[in-house]
Amino acid sequence: MERVIFGDNQFFAVNHISDEKSRAQSIKFKEDSAIIKTLDEARAVGINTFMCTTHDRIVNICNIIRSQPEKYKDFTIYPCMPYAHKYANAVTELGITGTIKQYVPGNFFGSMFKGGVAFLSKDYLSIMELLVDAEMKMFKNINTPVIFLQNVITDLLLGLRADEVLIAFYHYIKKKYNAEAGFITMNMPKLLDVLEKGGIENPIICASINKAGFRMSGGNDVYEDVLKTRKLRAIAMQVLGGGAIHPKEAMEYVCGLPNIESILFGASSKANIESTYNYVHAFDQQKINA
């Protein structure tokens, strides 16, 4: 995985501390061309991995990327699924049957047969596979070496102790898409316990890791101990603590931790992309020279 990964929150007006910034981002990224422009600015500084939800607008972004294969030949996308709001809104607007028709991949009746049997038999693993296939439709012919389960589902399954679904997701991604499965969570220590118990070694886990302890279940000390003593490939997200930490201070903390393979961040402007990227590399170099 690349050291620095670019995220998508800013494109869909997700801002954890400011409604005003959220509204401004919504206006700025109203057109798909604005999203592509920002992705190209990230690519220009050396960030070639985009981690994104399966928001409906990502379909258009994927179409643009597919239409210019030479330009984006080194570009990688890490899909994060499911985008829960998409399904909730679809059910409200289209009903359950309409939602299934819109999102079920491939032959409708064949997929419905599989899904129908799954529902009747309570075969949640088959349901999971069906939904993964539906979400992956938009990424056809795009390089997706890591496919993530969103924290809203990861942490729900942890809470329900449905460990077998998490393990099955890992194996299905590997078998069907020849990719690695990643997991987003707000409880990295608990998730790591479950994955190791299920036989998954050195898993890819994306979690909130920041100096303020923002959305870190158990707090900084617990997370730091896990990073020092356990085997995983950690991706640090929400490194700015929802915007409460200055980027320089945030990157100094995260880059100083062991076992952080990648740092995920989002930004709306070229200047912020460049400065954050440069902070990461500057503190990484300091660590090497120390």
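Asn141 lies in the loop between helix H6 (124-136) and strand S4 (146-149). In this predicted model, the phi of Asn141 is near 65°, a positive value in a residue other than glycine. Asn141 is exposed, with a relative accessible area of 70%. The protein as a whole has 12 helices and eight strands, and 49% of its 290 residues count as buried.

**Backbone features**

- Asn259, found in the loop between H11 and S8, also has a positive phi, of about 70°, although it is not a glycine.
- Asn259 is partly exposed, its relative accessible area being 32%.
- Met81 and Pro82 are joined by a cis peptide bond with an omega of about -5°.
- Pro82 belongs to the loop between strand S3 (76-81) and helix H4 (84-103).
- As background to these entries, most residues other than glycine have a negative phi, and most peptide bonds are trans.

- The largest nonpolar core comprises 74 residues, and Phe6 and Phe169 have the most contacts inside it.
- Helix H8 (residues 163-177) supplies the largest share of this core, eight residues.
- A second, separate core has 13 residues, among them Cys80, Val146, Ile204 and Cys206.
- Of the contacts between residues at least 6 apart in sequence, 75% join residues at least 24 apart.

**Aromatic pairs**

- The structure contains eight aromatic pairs.
- The ring centres of Phe11 and Phe50 are 6.0 Å apart and the planes stand at 65°, so this pair is edge-to-face.
- This pair links distant parts of the chain, 39 residues apart: Phe11 is in the loop between strand S1 (4-6) and helix H1 (19-28), and Phe50 is in strand S2 (residues 49-53).
- Phe11 and Phe50 are both buried.
- One aromatic cluster is formed by Phe6, Phe11, Phe29, Phe50 and Phe265.

- On the H8 side the contact involves Asp163, Leu166 and Ile167, which meet Leu191, Val194 and Leu195 in H9.
- Classified by residue type, the contact of H8 with H9 has five nonpolar, no polar and one charged residues.
- H9 also packs with H10, at an angle of about 40° and with the axes 9 Å apart.
- Met188, Pro189 and Leu192 of H9 make this contact with Val222, Tyr223, Val226 and Leu227 of H10.
- The contact of H9 with H10 has seven nonpolar, no polar and no charged residues.

- Asn210 is located in the loop between strand S6 (204-208) and helix H10 (220-229).
- Asn210 is buried, with a relative accessible area of 0%.
- Neighbours within four places in sequence aside, Asn210 is in contact with Met216, Asn220, Gln238, Val239, Gly241, Ile245 and Tyr253.
- In helix H11 (residues 247-255), the buried residues are Ala250, Met251, Tyr253, Val254 and Cys255.
- The buried residues of H11 pack against H10, strand S7 (233-237), strand S8 (260-265) and helix H12 (270-289).

Conventions: Residues are numbered from 1 along each chain as its sequence is written. This is a predicted model: local features need pLDDT of at least 70, side-chain atom pairs count only at pLDDT 80 or more; totals for chains, interfaces and linings use all residues. Side-chain values use heavy atoms; hydrogens and water are left out. A nonpolar core is a set of buried Ala, Val, Leu, Ile, Met, Phe, Trp, Tyr and Cys residues joined through side-chain atoms within 4.5 Å. Buried means under 20% relative accessible area, exposed over 50%, partly exposed in between (1.4 Å probe, protein chains only). Helices (H or I, at least four residues) and strands (E, at least two) are DSSP runs, numbered from the N terminus. Rings of Phe, Tyr and Trp (its six-membered ring) pair if their centres lie within 6.5 Å; planes under 30 degrees apart count as stacked, over 60 as edge-to-face and the rest as tilted. Contact means heavy atoms within 4.5 Å. Ala, Val, Leu, Ile, Met, Phe, Trp, Tyr, Cys and Pro count as nonpolar, Asp, Glu, Lys and Arg as charged, and the others, Gly among them, as polar. Axes are lines fitted to C-alpha atoms, for helices over the stretch in contact, and angles run from 0 to 180 degrees between N-to-C directions.
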